Amino acid sequence: MPLGTSASHSKSGRTTSKTRSASKTEAKQQDAIALLMADHDEVEALFKQFQQAKKNGGDKADIVEQICKALTVHAEIEEEIFYPAARGALADKDEDDLIDEAEVEHASIKSLVEQLQDTDPNDELFDAKVKVLCEYVNHHVKEEEDEIFPKIKKTDLDLAELGVELRECKQELMEEV
Ligand SMILES: [Fe+2]
Ligand SMILES: [Fe+2]
């Protein structure tokens, strides 16, 4: 069946190349909210790694360093790019208040990050500081994902374009921090 074979081969070839190019496009076009949520997941995974390291005697300091860097960069791209865009898109005063609260929460998170960066991993308060930081971050992430992001999705903000800006800023900051 030369025809069948040829058609099947050609179909399979098309599918493969289509799949490959679709996943490439998807990676390139991760929108603003998808990018920020991926950051949230990454930090959550790092906090879990810290719990494991505590149990197994792993390198807690290295994990905390990664947590601090990820949170610093994430807070910066939200404050510089995402929150101002959100304020512009959310007309309602109550919605604007949500961004005010998010910025206040960032200040608490950043203060604890700075404290942790100055704390020796053998200090008796080191683990407690990581735990409280994790609680602050969980609370803040929940507010963003449950309250702010759904409201933003209903606006006409160009999330794809904003995703490009966030990614570029993040890449620059990752090299600096
Ligand atoms: Fe966030
Ligand atoms: Fe945030």
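**Entry: conventions**

I note that residues are numbered from 1 along each chain as its sequence is written, and that chains are lettered from A and ligands numbered from 1 in the order in which they are written. Since I am working with a predicted model, local features need pLDDT of at least 70 and side-chain atom pairs count only at pLDDT 80 or more, while totals for chains, interfaces and linings use all residues; side-chain values use heavy atoms, with hydrogens and water left out.

**Entry: fold and burial**

I looked up the secondary structure and found six helices and zero strands in the protein chain, where helices (H or I, at least four residues) and strands (E, at least two) are DSSP runs numbered from the N terminus. Along the sequence this reads as α-α-α-α-α-α. Of the 177 residues, 34% count as buried, a class that means under 20% relative accessible area, with exposed meaning over 50% and partly exposed lying in between (1.4 Å probe, protein chains only). The areas themselves come from the Shrake-Rupley method.

As one example I checked Ile67, which sits in helix 3 and counts as buried at 1% relative accessibility.

**Entry: the iron ions**

Which residues coordinate the iron ion (ligand 2)? I find Glu78 (OE), Tyr83 (OH), His106 (NE2), His140 (NE2) and Glu144 (OE), at 2.0 to 2.5 Å. Donors here are N, O and S atoms within 2.8 Å of the metal (3.2 Å for Na, K and Ca), and I keep in mind that water is not among the atoms, so sites may look incomplete. The spacing of these donor residues in sequence is E-x4-Y-x22-H-x33-H-x3-E.

I then looked at the other metal: the iron ion (ligand 1) is 3.2 Å from the iron ion (ligand 2), and Glu78 coordinates both. Glu78 lies in helix 3 and His140 in helix 5 (residues 126–153), so this pair ties together parts that are 62 residues apart in sequence. Glu78 is buried, with a relative accessible area of 0%, and His140 also counts as buried, at 4%.

I also looked up Glu101, which is placed in helix 4 (residues 93–117) and is partly exposed at 39% relative accessible area. From C-alpha to C-alpha, Glu101 and His140 are 9.3 Å apart in space and 39 residues apart in sequence.

**Entry: salt bridges**

How many salt bridges does a search of the whole structure find? The search finds nine, a salt bridge being a side-chain nitrogen of Lys or Arg within 4 Å of a carboxyl oxygen of Asp or Glu.

Asp127 and Lys60 meet at 2.9 Å, N to O. This pair links distant parts of the chain, with Asp127 in helix 5 and Lys60 in helix 3, 67 residues apart. Asp127 counts as partly exposed at 22% relative accessibility, whereas Lys60 counts as buried at 18%.

Glu79 and Lys110 form a salt bridge of 3.0 Å, N to O. Glu79 is partly exposed at 22% relative accessible area, and Lys110 is partly exposed at 32%.

Arg87 and Glu103 meet at 3.4 Å, N to O. Arg87 lies in helix 3 and Glu103 in helix 4, so the pair ties together parts that are 16 residues apart in sequence. I note that Arg87 is partly exposed at 25%, that Glu103 is partly exposed at 31%, and that both belong to a network of salt bridges linking Arg87, Asp96, Asp100 and Glu103.

**Entry: negative patch**

On the surface I find a patch of negative charge made up of Glu76, Glu80, Asp158, Glu161, Glu165, Glu168, Glu172, Glu175 and Glu176. Helix 3 (60–89) and helix 6 (159–176) are the elements that give two or more residues to this patch, and the largest share, six residues, comes from helix 6. Patches are made of residues with over 30% relative accessible area and no salt bridge, like charges being joined within 9 Å and nonpolar side chains (Val, Leu, Ile, Met, Phe, Trp, Tyr) within 5 Å. Asp and Glu count as negative and Lys and Arg as positive, while His and the chain ends are not counted; the place of a charge is taken as NZ of Lys, CZ of Arg, CG of Asp or CD of Glu.

Is Glu175 buried or exposed? Glu175, in helix 6, is exposed, with a relative accessible area of 71%.

Terms used: Accessible areas come from the Shrake-Rupley method with a 1.4 Å probe; for residues, only the protein chains shown count as cover.
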